Amino acid sequence: MNLNDYRDQCHAANQKWWQDPATGEPIKRNKAELICLMHSELSEAMEGERKNLMDDKLPHRKMAEVEMADTLIRIMDYCGAFGYDLQGAFEEKMAYNATREDHKHEARLIAGGKQF
């Protein structure tokens with residue numbers, strides 16, 4: 001499977017969040033709100049790492065691991081809803097990043113270079 005396959009799988013599994021629960025009719029979702037929900041999952045992952053917690057719903061897994069999966073599910077659902085080509089963008093961005101001068105060790109060592 002590629003990223004677009006996972007995107008489609010996540011969006012199909014989350015259709016209930018894109019429909020009016022009373023009528024089943026499609027609803028318009030707020031993009032900013034959806035992105036904030038992605039961020040909230042990352043914040044939960046950070047809290048799990050900070051406190052070294054196990055997940056409360058999947059107690060055999062670390063909380064951070066599960067919240068990272070939740071983040072991916074939200075991202076993939078969003079991209080499925082809005083027709084984003086994740087696989088294509090991923091491949092192009094990885095190729096671009098491989099050529100970036102500001103990502104090289106030498107560039108990071110100079111004054112003002114990226115530290116993280």
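## Cysteines

A disulfide is taken here as a pair of cysteine sulfur atoms within 2.5 Å, and a search of the whole structure, which is a predicted model, finds 0 of them. The sulfur of C36 lies 16 Å from the closest cysteine sulfur, that of C79, which is too far for a bond. C79 is likewise in no disulfide, the nearest cysteine sulfur being that of C10, 10 Å away.

The two residues also differ in burial, where buried means under 20% relative accessible area, exposed over 50% and partly exposed in between, with a 1.4 Å probe and protein chains only. C36 is exposed at a relative accessible area of 52%, whereas C79 counts as buried at 5% relative accessibility.

## Basis of the values

Residues are numbered from 1 along each chain as its sequence is written, and side-chain values use heavy atoms, with hydrogens and water left out. Because the model is predicted, local features need pLDDT of at least 70 and side-chain atom pairs count only at pLDDT 80 or more, while totals for chains, interfaces and linings use all residues.

## Nonpolar core

A nonpolar core is a set of buried Ala, Val, Leu, Ile, Met, Phe, Trp, Tyr and Cys residues joined through side-chain atoms within 4.5 Å. The largest such core has 8 residues, namely C10, W18, L34, M38, M76, Y78, C79 and L86. Helix 2 (31-51) and helix 3 (63-81) each supply at least two residues of this core, and its largest share, 3 residues, comes from helix 3; helices (H or I, at least four residues) and strands (E, at least two) are DSSP runs, numbered from the N terminus.

With contact meaning heavy atoms within 4.5 Å, M38 touches T71, R74, I75 and Y78, when residues up to four places away in sequence are not counted.

## Helix 2

The expected span of a helix is 1.5 Å times one less than its number of residues.

Within helix 2, the residues L34, M38, E41, A45 and G48 are buried. They cover an arc of only 70 degrees around the axis, so they lie on the same side of helix 2, the arc being that of the directions from the helix axis to the C-beta atoms. What covers these buried residues includes helix 3, while the face turned away from the buried side carries the exposed residues C36, H39 and R50. After helix 2 comes N52, whose phi is positive, near 50 degrees.

Helix 4 has 12 residues and reaches 16 Å from its first C-alpha to its last, close to the 16 Å expected at 1.5 Å a residue. Its buried residues are L86, Q87 and G88, and these pack against helix 1 and helix 3. Q87 counts as buried at 16% relative accessibility; leaving out residues up to four places away in sequence, Q87 touches N2, L3 and N4.

N4, for its part, is in helix 1 (residues 3-13) and is buried, with a relative accessible area of 14%. The side chain of N4 reaches the backbone nitrogen of Q87 at 3.2 Å, a polar contact being a pair of N or O atoms within 3.5 Å, of which, within protein, one must be able to donate a hydrogen and the other to accept it, and for which residues adjacent in sequence count only if both atoms are side-chain atoms. Apart from its neighbours within four places in sequence, N4 is in contact with Y84, D85, L86 and Q87.
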